[in-house]
Amino acid sequence: MVELDGFGKPCPMPLVMCKKEIDAGNTDIQIRVDNDTAVKNITRLAKKKGLGCTVADIEGGFLITMGGELPAGQEPPAATAAAACSISGGACGYSVFIGKDHVGEGDPQLGYNLMKMAIFTLNQAEVPPMNLLFMNEGVKLLCGDEVQIIDSVKEMMDKGTDVLVCGTCLNFYGVADQLKVGEVSNMYDILERMHESAKVITL
């Protein structure tokens, strides 16, 4: 059993520590973490790798234990387009990186309206993006009350688009409990999706 200490380490360091051990062939791992975001990231990694995972409360945080196979009925879902590209070893599709809540610089309201229209247009495209990646102020778009944005993103997810939202950014802006659509993620996974893509568009 490999024992790791993720206390005090910012996202995505605890996740990277676990992935390094798994890549080295060690699948029986225990790691101490002190935040819920790390718990979500590591348990998602375990499921993706087909490993069992339990979480226990400890003083100041959580103890995550990884190892063995996933229990029956909890097998990982079918591979997404992004996962298929990773498995095949080649880049494919395109990703859209959204790091702010507006397009361009100038009038704030115009910039916001342009972003809203850009997301709507992406949803209408013949080929939807493989990934929508939200960081910094961009995460606020998925936490607001703009129905057109939320509905457009949900419809893209129904078409197979993966939507990753930076958990550190959600916490920084205090909107984690307001997220309406998308999967809370981290810097490591978001950069990995960019690397897997044949093209990355930044709005």
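This is a predicted model: local features need pLDDT of at least 70, side-chain atom pairs count only at pLDDT 80 or more; totals for chains, interfaces and linings use all residues.
Biologist: What does the protein chain contain in helices and strands?

Modeller: The protein chain has seven helices and nine strands. Its accessible surface comes to about 10400 Å², and carbon and sulfur atoms account for 55% of that surface. Of the 203 residues, 37% are buried.

Biologist: Why is N123 called buried?

Modeller: The relative accessible area of N123 is 1%. Buried means under 20%, so a value of 1% places N123 in the buried class.

Biologist: Where does N123 lie, and which residues does N123 touch beyond those up to four places away in sequence?

Modeller: N123 belongs to helix α4, which covers residues 108–124. With residues up to four places away in sequence left out, N123 touches S152, E155, M156 and K159. Contact here means heavy atoms within 4.5 Å.

Biologist: What makes α1 and α2 roughly parallel?

Modeller: Two packed helices are described by the angle between their axes and the distance between the axes. The axes of α1 (residues 13–23) and α2 (residues 36–48) cross at roughly 20 degrees and come within 9 Å. Angles under 35 degrees count as roughly parallel, and therefore α1 is roughly parallel to α2. The crossing is right-handed. On the α1 side, the contact is made by P14, L15, C18, K19 and I22; on the α2 side, A38, N41, I42 and L45 take part.

Biologist: How do you know that β5 and β6 pair?

Modeller: Strand β5 (residues 94–98) and strand β6 (residues 131–134) are joined over four bridges. One of the bridges links S95 to N131 in β6.

Biologist: In what order do the strands of the open sheet stand, and why is one side of β8 and of β9 left without a neighbour?

Modeller: The open sheet has five strands, in the order β8-β7-β6-β5-β9, with parallel pairing. Strands β8 (183–185) and β9 (199–202) stand at the edges and have a single partner strand each, so one side of each lacks a neighbour in the sheet. From one strand to the next, the twist averages 25 degrees.

Biologist: How do you know what share of the contacts joins residues at least 24 apart in sequence?

Modeller: The share is taken among contacts between residues at least 6 apart in sequence. Of these contacts in the protein chain, 72% join residues at least 24 apart.

Terms used:
Residues are numbered from 1 along each chain as its sequence is written. Side-chain values use heavy atoms; hydrogens and water are left out. Two strands pair if DSSP finds at least two bridges between them. Helices (H or I, at least four residues) and strands (E, at least two) are DSSP runs, numbered from the N terminus. Axes are lines fitted to C-alpha atoms, for helices over the stretch in contact, and angles run from 0 to 180 degrees between N-to-C directions. Buried means under 20% relative accessible area, exposed over 50%, partly exposed in between (1.4 Å probe, protein chains only). Accessible areas come from the Shrake-Rupley method with a 1.4 Å probe; for residues, only the protein chains shown count as cover. Angles under 35 degrees count as roughly parallel, over 145 as roughly antiparallel, 65 to 115 as roughly perpendicular and the rest as oblique. A crossing is left-handed if the near helix is turned anticlockwise from the far one by less than a right angle, and right-handed if clockwise.
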